[in-house]
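User: Could you walk me through a structure, one feature at a time? I would like to learn how to read each of them.

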Amino acid sequence: MDEILCTISDAICLLGGQWVMSQVFSFLAFALGIWAINTMPRNVMLRRWCYSALANTIHLFLLSEPIGAGAALITAARFFAASLLSDTSFWSLLGPLIFICVGIIYSWATQTLDSSVLSKLAFLTGTIGNFFQDVLVVRGFMVVTTGLWLTYNVMIESPVAMLSETIFLIYHLIKIGQIMSSERSSEGQ
């Protein structure tokens, strides 16, 4: 009987530790995202977003969310590729096509009717929005993407991820307001 209780106790500690570690990686993803959000030049910012997406991948794997983790891993690959190739004509022509196709194939190959649908939608909207040049359009896509990730994190009960997505959502909304205010000020002069 003692062996059974020890096994159950070990399993509970392992799962509890795994959940805590997932939240640590979620916080790391958030911290790296904050580090990246206003970084220049663009290629350095994209590489830092890659690191954030990798931390988010580990966070989701630890929560036993392999489909969301896969979407985050592809996002990391997209950020890394963009950091290396965004200044090339290859990237501007084929980058969007490649990653949108990868996203559609991934979404099709991992068809489910659970919360992973939200992670795939967030991944696809983020991918599409990432390739626009207009800052206001990109921010609009980021609001939708962040809202989808926030909803997904509510469904998988990841409190640190919920908090970080809420902060990023507020940040994007503030930036949209600043851009629109700046554009109105420019038109009025």
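User: Is helix 5 mostly covered or mostly exposed, and how many of its residues are buried?

Analyst: First, some background: this is a predicted model, where local features need pLDDT of at least 70, side-chain atom pairs count only at pLDDT 80 or more, and totals for chains, interfaces and linings use all residues. Residues are numbered from 1 along each chain as its sequence is written, and side-chain values use heavy atoms, leaving out hydrogens and water. Buried means under 20% relative accessible area, exposed over 50%, and partly exposed in between (1.4 Å probe, protein chains only). Helix 5 is mostly covered, with 11 of its 14 residues buried. Among them are Leu 118, Phe 123 and Leu 124.

User: Which helix gives the most to the lining of the largest pocket?

Analyst: Helices here are DSSP runs of H or I, at least four residues, numbered from the N terminus. Helix 6 gives the most, with eight residues of the lining. The whole lining has 45 residues, and Trp 49, Phe 79, Asn 130, Val 138 and Met 142 lie nearest the centre of the pocket.

User: How many disulfides does a search of the whole structure find?

Analyst: A disulfide is a covalent bond between the sulfur atoms of two cysteines. The search looks for a pair of cysteine sulfur atoms within 2.5 Å, and it finds zero disulfides in the whole structure.

User: Why does Cys 50 count as buried, and why is Cys 101 partly exposed?

Analyst: Cys 50 counts as buried because its relative accessibility is 6%. Cys 101 is partly exposed because its relative accessible area is 35%.

Notes
Helix = DSSP H or I, 4+ residues; strand = E, 2+ residues; numbered from the N terminus. 1 Å grid on protein atoms, 1.4 Å probe; cavity = no way out; pocket = protein on both sides within 12 Å on 5 of 7 lines; lining within 4 Å.
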